[in-house]
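Biologist: Hi! Could you walk me through this structure in plain words?
Modeller: Happy to, let's have it on screen.

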Amino acid sequence: MTRIKALIGLANPGEEYAATRHNAGAWLIEEVARQAGVSLRPEKKFLGLYAKAVIDGQDLHLLIPTTYMNRSGGAVAALAKFYKIAPNEMLVAHDELDLPPGTARYKQGGGHGGHNGLRDIISALGNDKSFHRARIGIGHPGHAGMVVNYVLGRPGKNERDTIDQALEECLATLPQALAGDWAKAMNRLHSFSA
């Protein structure tokens, strides 16, 4: 089984975006870092906030790109190249319009589904789509024309609480996912709904 060596959370940089739905992927990485007792610090060569954590006795690279969302690929490719991490050894956490708040799903490979961060990562990895994803449900505003304002908006308190519960469930299943036991991780995560 292939172990996950890098955990990447997609986000837009800066305080004005920190609490927006589009940053749900970064919320997961921030919590992993907090629980592992490490600090995410600016790292120029990876174009983002970086930390190295030890989880279940394994080294894990944590990264939140601080480029804008649609430029996430440069940061991911820089980390992968520097540490010689193959795409299928990465888990990218991102917000997911097609899942309701309070749910999350693991997935390996596939397209970008219109997500600009994933689109840029796929391109930066030479069209290799084999990286794993942690899809964090944020729901859909109901109309394509409303998506940009929706993802760049802040969830209400109840909505954020349900997203946080899904993030907690992701954290609980992370040891299995990192070890490559996807069946066990998916079985638990995919049956959860806040």
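Modeller: One term before we start: helices (H or I, at least four residues) and strands (E, at least two) are DSSP runs, numbered from the N terminus. This is a predicted model, where local features need pLDDT of at least 70, side-chain atom pairs count only at pLDDT 80 or more, and totals for chains, interfaces and linings use all residues. Residues are numbered from 1 along each chain as its sequence is written, and side-chain values use heavy atoms, with hydrogens and water left out.

Biologist: Thanks! Where is Pro155 found?
Modeller: Pro155 sits in the loop between helix H5 (147–151) and helix H6 (157–179).

Biologist: Is Pro155 buried or exposed?
Modeller: Pro155 counts as buried, because its relative accessibility is 14%. Buried means under 20% relative accessible area, exposed over 50%, and partly exposed in between (1.4 Å probe, protein chains only).

Biologist: And which residues does Pro155 touch?
Modeller: Leaving out residues up to four places away in sequence, Pro155 touches Ala19, Arg21, Trp27, Arg160 and Ile163. Contact here means heavy atoms within 4.5 Å.

Biologist: New topic: what is the strand order in the open sheet?
Modeller: The order is S2-S3-S4-S1-S5-S7-S6, which makes 7 strands with mixed pairing. Two strands pair if DSSP finds at least two bridges between them.

Biologist: Which strands stand at the edges?
Modeller: Strand S2 (41–43) and strand S6 (104–108) do; each has a single partner strand, so one side of each is left without a neighbour in the sheet.

Biologist: How many bridges join S6 to strand S7?
Modeller: There are 5 bridges between S6 and S7 (residues 132–137), and the two strands run antiparallel. For Gln108, the bridge partner in S7 is His132.

Biologist: What does helix H7 touch on the sheet?
Modeller: Helix H7 (residues 182–189) packs on the sheet and touches S5, S6 and S7, with its direction at about 155° to that of S6. Axes are lines fitted to C-alpha atoms, for helices over the stretch in contact, and angles run from 0 to 180 degrees between N-to-C directions.

Biologist: Last one: how do H3 and H4 cross?
Modeller: The axes of helix H3 (residues 72–83) and helix H4 (residues 116–124) come within 7 Å, crossing at roughly 45°. That makes H3 oblique to H4. Angles under 35 degrees count as roughly parallel, over 145 as roughly antiparallel, 65 to 115 as roughly perpendicular and the rest as oblique.

Biologist: Who makes that contact?
Modeller: Ser72, Gly73, Gly74, Val76 and Ala77 of H3 meet Gly117, Asp120, Ile121 and Ala124 of H4.
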